[in-house]
Amino acid sequence: MDSKSVEDMIEGLSGFHFSGFHMDGSKLNNIEKPTTTLAIENVHKQPFIIGVSGGAASGKTTVCDMIIQQLHDQRVVLVNQDSFYHELTEEELATVHEYNFDHPDSFDTEKLLDSMENLRHGQAVDIPNYDFKSYKNSVFPARRVNPSDVIILEGILIFHDPRVRELMNMKIFVDTDADVRLARRIRRDTVEKGRDIGVVLDQYSKFVKSAFDDFILPTKKYADIIIPRGGDNHVAIDLIVQHIRTKLGQHDLCKIYPNLYVIQSTFQIRGMHTLIRDSQTTKHDFVFYADRLIRLVVEHGLGHLPFTEKQGLYILVWISVRGYAVYQLLEVVRVWRMLCEHVAKGSRLARFLFIGKVRTTVSSLFMKNYHKTSQKGMCCYWILFSARAIQLSKLFHYLQERVYRNPTSYFSISYPHLRVYMWCAKASQE
Ligand SMILES: Nc1ncnc2c1ncn2[C@@H]1O[C@H](COP(=O)(O)OP(=O)(O)O)[C@@H](O)[C@H]1O
Ligand SMILES: Nc1ccn([C@@H]2O[C@H](COP(=O)(O)O)[C@@H](O)[C@H]2O)c(=O)n1
């Protein structure tokens with residue numbers, strides 16, 4: 001249904017002019033309507049890029065491995081910042097214990113950016129395999145990394161350069177206590193890297209500790225998610241994986257249809273989808289849950305309608321109605337027509353601006369739980385009028401006398417430039 005026919009339908013129902021509900025028809029007509037197959041072919045799939053940072057031995061690799069394990073049905077690749085350490089010169093090699101491997105300049109960030117850009121644009125890259133023993137990245141053959149759905153970039157300083165940060169869709173910081181990190185580092189560097197404990201401790205006090213305070217910790221503020229206790233934090237990892245799955249699900253469709261909004265999947269929504277698909281579900285429950293799902297879609301859609309900010313006096317009329325979605329809409333239109341015909345007529349005002357459905361939680365908040373909005377089939381709508389010169393008393397009187405039998409309360413909220421009058425009222429029909 002195009003914007004014109006929506007307007008026509010409501011105008012036809014009301015016989016009254018309304019000004020706020022304007023969708024720009026020309027804009028709508030100009031929206032590209034891609035044919036699905038063509039669009040899919042032309043759209044390049046952008047990977048979902050996750051950055052995982054934190055101090056050395058904080059558990060970054062462990063967290064990445066756990067995410068990859070849970071996303072086993074997706075194409076996921078891991079890129080380590082370690083792979084982009086600069087090769088040391090002979091001179092630097094001779095005094096390697098004086099080299100600061102925790103300083104941002106020790107990484108070839110240009111090369112890292114280059115590789116990430118290629119991966120992002122669907123090209124395979126060769127990532128060097130850094131050798132911690134020889135301090136070289138040419139000892140082992142490079143690793144071929146193919147473009148994937150998810151790219152995880154892990155390293156102590158991957159949030160340091162803003163250009164690298166900007167590539168990321170999600171930034172995670174693994175936050176582990178300094179003493180735990182040091183203990184793990186000593187074990188790893190002595191056992192796995194065969195280093196002398198004295199050298200490990202020396203490196204830690206000379207470079208690692210201060211670099212953490214000066215360069216790594218300050219990047220924590222860029223993180224979207226901070227995981228305390230690293231790999232031990234199963235709840236955080238489960239939530240991250242759930243979020244990535246949601247984002248991956250939305251990815252393709254949103255790219256094909258730029259004006260498509262996907263409602264976030266919640267346990268409640270998934271539960272209702274399960275119920276309406278279940279052959280054992282009764283007819284009554286099927287209608288009830290299908291109705292609730294439709295309402296969520298309509299409510300979400302209303303939030304995306306174009307609007308213009310206005311200052312002035314507004315009147316917000318709340319209506320609580322019981323019944324299925326179509327009945328509720330008809331009831332709201334009925335109330336609106338009555339208000340337009342009997343209250344607005346004759347005064348210089350009151351142009352209807354918008355009708356919207358209120359989330360039940362918000363409704364019950366405003367309506368002080370007077371109506372049990374969580375009851376089956378019960379929900380709230382609001383109608384907004386602009387009222388430069390409206391006779392408020394006339395409106396409230398009319399509402400009280402004619403529209404509703406049991407008006408409950410009325411109160412107003414004042415902002416510097418906006419006054420909102422709330423009328424909490426209940427439609428009489430059950
Ligand atoms: N939750 C944990 N409990 C015990 N040991 C851990 C835990 N997380 C990591 N480790 C160990 O600590 C060391 C560093 O972990 P790793 O995940 O490689 O950290 P990073 O990638 O931040 O350097 C590894 O030897 C690993 O086995
Ligand atoms: N040749 C090198 C290169 C780096 N390091 C240390 O590794 C740490 C970073 O690696 P993580 O896997 O722990 O993130 C960093 O603190 C460097 O000091 C090294 O010891 N030798």
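## Contacts of Ile50

In this predicted model, Ile50 touches Val150, Ile152, Met168, Asn169, Met170 and Ile172, with residues up to four places away in sequence left out of the list. One of these contacts, Ile152, is also the bridge partner of Ile50 in β5. The two strands concerned, β1 (residues 48-54) and β5 (residues 150-154), pair in the parallel sense over five bridges.

## The sheet

The pairing of β1 with β5 belongs to an open sheet of five strands, ordered β2-β5-β1-β6-β7, in which the pairing is parallel. At the edges lie β2 (76-80) and β7 (225-228), each of which pairs on one side only. On average, neighbouring strands of this sheet are turned by 20° against each other, direction ignored.

## The nonpolar core

The largest nonpolar core comprises 43 residues, and those touching the most other members are Ile50, Val63 and Ile152. At least two residues of this core are supplied by each of the strands β1, β2, β5 and β6 (170-175), and likewise by each of the helices α4 (60-70), α6 (109-120), α9 and α10 (234-256). Helix α9 makes the largest contribution, with five residues.

## Helix α9

Helix α9 spans residues 197-216 and has 20 residues. Its end C-alpha atoms are only 24 Å apart, whereas a straight helix would reach 28 Å at 1.5 Å a residue. A kink of about 50° is present in α9, centred on Tyr204.

Tyr204 is also one of the buried residues of this helix, together with Gln203, Val208, Ala211, Phe212 and Ile216. The buried residues of α9 pack against α8 (178-192).

Pro218 is placed in the loop between α9 and β7. Is Pro218 buried or exposed? Pro218 counts as exposed because 12 other C-beta atoms lie within 10 Å, and the exposed class covers residues with 12 or fewer.

Along the chain, Pro218 and Phe159 are 59 residues apart, and their C-alpha atoms are separated by 9.3 Å.

Key: Residues numbered from 1 in each chain as written. Chains lettered and ligands numbered in written order. Predicted model: local features only at pLDDT ≥ 70, side-chain atom pairs only at ≥ 80, totals over all residues. Helix = DSSP H or I, 4+ residues; strand = E, 2+ residues; numbered from the N terminus. Expected span 1.5 Å × (residues − 1). Bend = angle between axes of the 7 residues up to and from the residue. Buried ≥ 20, exposed ≤ 12 C-beta atoms within 10 Å, placed from the backbone. Contact = placed C-beta atoms within 7 Å. Pairing = 2+ DSSP bridges. Axes fitted to C-alpha atoms, helices over the stretch in contact; angles between N-to-C directions. Core = buried A, V, L, I, M, F, W, Y, C linked by C-beta atoms within 7 Å.
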